[in-house]
Amino acid sequence: MKDISLHLLDIIENSAKAGAARVQIDFERAGTRFEMWVRDNGPGLPPSVSGNPDDPFVTTRADRKVGLGLAMLRRAAERTGGRMDVDSAPGRGVTVHAAFDLGHIDAQPIGAIDEALAAAISSWPGLDFEVRIGPERRVVFDSRAVKKELNGIDFSNPQVHKFLSFSLREELAPLGLAAGPLPDVS
Ligand SMILES: Nc1ncnc2c1ncn2[C@@H]1O[C@H](COP(=O)(O)OP(=O)(O)O)[C@@H](O)[C@H]1O
Ligand SMILES: [Mg+2]
């Protein structure tokens, strides 16, 4: 995996595939410490997985015999001196938490978190997203609120995707989580 944003996409994909209706994604950044939480309201880890969700040979995937998403995220976090935890209870969804030291020599770049989120939101228009930042958990994106304003226009609409990318970038850039400088709209 090239950067942390791709791990994030992979974790969100797990929630989407498990049939969650909603994911809540939190980011915290302080100096070189970066943490993220992805919490869904899906069915929770299946019993065959719940003992060791990040064992590569434990997967409910049908297309191949290894499931690497969580295992790769754990490795990426731990090699920076950080950690990864999965918390799940049947019927109460799954929470994946990962902590990184971005200043560690083995840390991956963070990548474009804003673009990963915009891609996820457009790819799974039926999944509700809430994005929060900082220890105070300020809500910077709530797809249910945006959906209301869109009056039935889909998140897969290219104009809507542009708008999503812009507003996520604006909110996440101050934490150093966005791809580049804000586009000049003056
Ligand atoms: N959010 C989730 N909700 C329910 N089950 C999950 C979730 N995330 C992961 N799992 C279970 O854990 C397994 C391992 O996940 P992962 O490491 O991403 O590999 P893969 O998705 O390739 O199977 C999945 O096959 C799935 O059964
Ligand atoms: Mg996966």
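A residue counts as buried if 20 or more other C-beta atoms lie within 10 Å of its own, as exposed if 12 or fewer do, and as partly exposed in between, with C-beta atoms placed from the backbone. By this criterion, 33% of the 186 residues of the protein chain are buried.

The model is predicted: local features need pLDDT of at least 70, side-chain atom pairs count only at pLDDT 80 or more, and totals for chains, interfaces and linings use all residues. Residues are numbered from 1 along each chain as its sequence is written, while chains are lettered from A and ligands numbered from 1 in the order in which they are written.

**Whole chain.** Display the complete trace to begin. Helices (H or I, at least four residues) and strands (E, at least two) are DSSP runs numbered from the N terminus. The protein chain has six helices and six strands, in the order α-β-β-α-α-β-β-α-β-β-α-α from the N terminus on. Its radius of gyration is 16 Å, close to the 16 Å of the globule rule for 186 residues, so the chain is as compact as a globular protein of that length; the radius is taken over C-alpha atoms, and the rule is 2.2 Å times the number of residues to the power 0.38. Along its principal axes, the C-alpha trace spans about 50 × 40 × 30 Å.

**Confidence.** Next, colour by pLDDT, the predictor's confidence in each residue, from 0 to 100. The chain mean is 89, and 93% of residues reach 70 or more. Helix 2 (residues 47-50) has the lowest confidence, at a mean of 81, and strand 2 the highest, at 98.

**Strand 1 and its partners.** Select residues 22-30, which form strand 1. Strands pair if DSSP finds at least two bridges between them. Strand 2 (residues 33-40) runs antiparallel to strand 1 and is joined to it by eight bridges; here Asp26 stands opposite Trp37. The two strands form a hairpin with two residues between them, and Gly31 in the turn has a positive phi of about 60°. Strand 5 (residues 128-133) runs parallel to strand 1, with six bridges, and Ile133 in strand 5 is the bridge partner of Phe27.

**Gly19.** Finally, select Gly19, in the loop between helix 1 (4-17) and strand 1. Is Gly19 buried or exposed? Gly19 is exposed, because 12 other C-beta atoms lie within 10 Å. Leaving aside neighbours within four places in sequence, Gly19 is in contact (C-beta atoms, placed from the backbone, within 7 Å) with Gly42 and Pro43. The C-alpha atoms of Gly19 and Gly42 are separated by 5.8 Å, although these residues are 23 residues apart along the chain.

Technical notes
Two residues are in contact if their C-beta atoms, placed from the backbone, lie within 7 Å.
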